[in-house]
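Subject: Structure handover and notes

Dear colleague,

I am passing on the structure we spoke about, together with notes on strand pairing and helix packing. Please read the notes with the model open beside them.

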Amino acid sequence: MSVDEPASYDQAEKHTTAKSEAMRVSEARSSEHTARSSKRVGSFVQRSSVYAFLLVVLLSFVTRYWKIWDPAQVVFDEVHFGKFASYYLRRQYYFDVHPPLAKMLIALGGWLVGYDGHFLFEKIGMEYVSNGVPYIMLRSWVALFGFALPPLAYMIMAESGYSVVASLLVGLLVTFDNALVTQGRLILLDNIMIFFMLAAVYSYIKFFKLRYKAFSAQWWTWLLTTGTMLGCVVSCKLVGLFTISLVGFAVLYDLWRIIDIRRGTTMAQFAQHFMARAFALIAVPFTLYLAFFYVHFAVLTKTGPGDAYHTSQFQMQLIDNPMTKNSFEVHYGDQIVFRHRDTGAYLHSNSSRYPLHYEDKRVSSRGQQVTGAKKLSDNGFWMIKPIRDIPEFENFLTRRVAGEEIPDEELTKWNVHDTDLVQLEHVVTGTNLRTHDVASPMTPTNMEFTTVPLNDTAVFEDTVWQISIDGADKSNSTQLKTSSSFIRLISNKHGVAMYTHKKKLPEWGQGHQEINGNKKPTEKGNLWTITQIRGRKATAADQEEIKKKIIPMSFLSKYAELQGLMIKHNNALTSVHPFQSSPLSWPLLLRGISFWTNNKEHKQIYLLGNPVGWWLSDLALVAYGFLMVAIELFRRRNEQVVSSIVHRHMVRSTGFIALAWFIHYFPFFLMGRSLFLHHYLPASIFAYMMLGACFQVFFVAEYQRFTLRSWDGRARALVPSTAAVAVLGAIVAVQFIAFAYFSPLAYGTTSLTPAEVNARRWLPTYDLHFQK
């Protein structure tokens, strides 16, 4: 051993020690890095629900606002709802079968950007830019509601206890649905209504989750929010009653649980729960519904196109209504004009005769024609006379014709009243109006109207008519007035009422409407009004006097009248539309709706759901039904195929989704009115939720580990399995591909060749334009 050995040994030992220390430092750093990485991954997983929500928000915004300025023309029902918004801004009264909230919200958007309502959206294809309409702002305003639907769908799934991946799947399915995108970027009502529908469902779920904190501030907040959203959804469209029914069933289930004595609930406590729900979910929505109509009437104070639907008393409440300008008492000897309330046709006659034989070989009376003319002429004036020759009347009439001023006291003596029996003389031809037991030209079940010479006493009884004023107080002698009185002219002998309809007579009838005697005299279609008296025009003094005599109408009276009209006319929407469809075809997506076409550039907007998403949702609905039956059968044999937690979730949460789909879909089978694919859109969102719920059942085994407590809460785990990620990716991918493929039909921004159009006709029932 050399003398240097001890030194070398010490150096080696120091080197080894330094190396070991470096390794320990490296390992510590590696462990720290791993811990940090693990912490970052853990943090990402915990916040994954918020990230997924933000992704849905971003994609929803892009899909709804993409080229929202195109097309710069009126599209589909923008004809109606854009027009109604303009009427609000003009403060002109209009009539529609839907409640007012959604239309008032559209008008609010116009008001916020300074739009004055000058454009009336009269037909599809009208240009916006050349007419100075801020249509981009109007569409963008309405698109806010459509943009909110995918995030709301995500939030409902998350709050219902589904995983991040299942909630994300639903959010993306709704985002990439072509029909919801098309509806959500135009000036239409449905997405506004669906927004309040989903908001009501979300609020009720939040409320239900607070059932163990009853009567707390949070509990009351979400209960009242639910009631508010229900009031809003039904104030957009009456089908919002479906959402109220859904929440109603859920409340009944909740109350059935609460009243159970095993829960230790006293009847006093149950009464408190019942009254709280009755107040928030019945009184609050109904109060809001009334409030929106109150605003509706408060804004629409001027006369407008909706006047004619209402009673004369209602119409006279409106500023500048003709009834308040030109309402005079009718006197015997006046030459008056009759106008049909529903069709606007004037009672008309001339020297033309009915043909001897009609096309169906029936024989007529060959009498003088009495028809309904759209334009007023001298042939539309009729003198109203007493049924007996009265010398005093002849003297009165002679003096009036000579222009002599008649004292008011004497004029009053010759007022025409309700139930009076009168004759009507056609002024131009000098003949009396008659109906008799001869079939009318186009309606063989009704009686023909004609006229006879004044001296034909043999048929005198056929020329006697009773004045029946609609809504008249039979205990008093109601005076007949121009404009403000709706009347039925009823044959005293035959009991039929004068009636007309829109179908035109053949060429021999000069394109006029048929006038006949309706054997159901009380029908509303028999109502007429007297629009003017020849030679009588209102002076400023007359108009002031008329205004003083107007009887004010209470809000509740106006509300009740309008509700009746809305229900009546909604049920009367039975005329055939080229793009109507049956409810049975909606889930299968057998047909869409043509919204808009550009013939020059071969562009079109065709409302069509995403076929992939809709058909997969149909399978999910069927699968859930079979799965629940199978599970219950196994349970009957004491076989547990799913855990109790999964079973409870499938019954409560998924069952609620199934009920929501059912309630928003099946009532349409009971309706007799014309129906369209867009009526299925609310139900389609719940069908998408069912697809997400089935995904959770089949691909998320550990419910408790992956379930979310709230949409913005912490997730405990993110990826259930490789298979779950693969299936999620596959469904979203095919949904997006189908969305992109059909997007030219959803947006209308791309020209398609006939070959490209036909390639998108996945079903022969897709009646797309430009196929050739």
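Trp382 stands opposite His426 in strand S5, and this pair belongs to the antiparallel pairing of S4 with S5 (residues 421–426), which extends over 5 bridges; strands are taken here as DSSP runs of E with at least two residues, and helices as runs of H or I with at least four, both numbered from the N terminus, while two strands pair if DSSP finds at least two bridges between them. Before going further, please note that this is a predicted model, in which local features need pLDDT of at least 70 and side-chain atom pairs count only at pLDDT 80 or more, whereas totals for chains, interfaces and linings use all residues. Residues are numbered from 1 along each chain as its sequence is written, and side-chain values use heavy atoms, with hydrogens and water left out.

Trp382 also stands opposite Ile336, where strand S1 (residues 335–340) and S4 pair in the antiparallel sense over 2 bridges. Because 5 of the 5 residues of S4 (residues 382–386) are buried, this strand is largely enclosed by the rest of the structure, buried meaning under 20% relative accessible area with a 1.4 Å probe and protein chains only.

S5 in turn pairs with S8 in the antiparallel sense over 2 bridges, with Leu421 opposite Gln466 in S8. Strand S8 (residues 465–469) is mostly covered, 4 of its 5 residues being buried, and 5 bridges join it to the antiparallel strand S9 (residues 486–491), with Ile467 facing Leu489.

Turning to the helices, the axes of H2 (residues 48–65) and H6 (residues 149–159) come within 8 Å and cross at roughly 155 degrees, the axes being lines fitted to C-alpha atoms over the stretch in contact, and the angles running from 0 to 180 degrees between N-to-C directions. That makes H2 roughly antiparallel to H6, a term used for angles over 145 degrees. The contact (heavy atoms within 4.5 Å) involves residues including Phe53 and Arg64 of H2 and Tyr154 and Met155 of H6.

The axes of H11 (residues 240–258) and H12 (residues 267–299) come within 10 Å and cross at roughly 170 degrees, and these two helices are therefore roughly antiparallel to each other. Among the residues making their contact are Val247 and Asp254 of H11, and Phe270 and Arg277 of H12.

Best regards

Key:
Angles under 35 degrees count as roughly parallel, over 145 as roughly antiparallel, 65 to 115 as roughly perpendicular and the rest as oblique. Buried means under 20% relative accessible area, exposed over 50%, partly exposed in between (1.4 Å probe, protein chains only).
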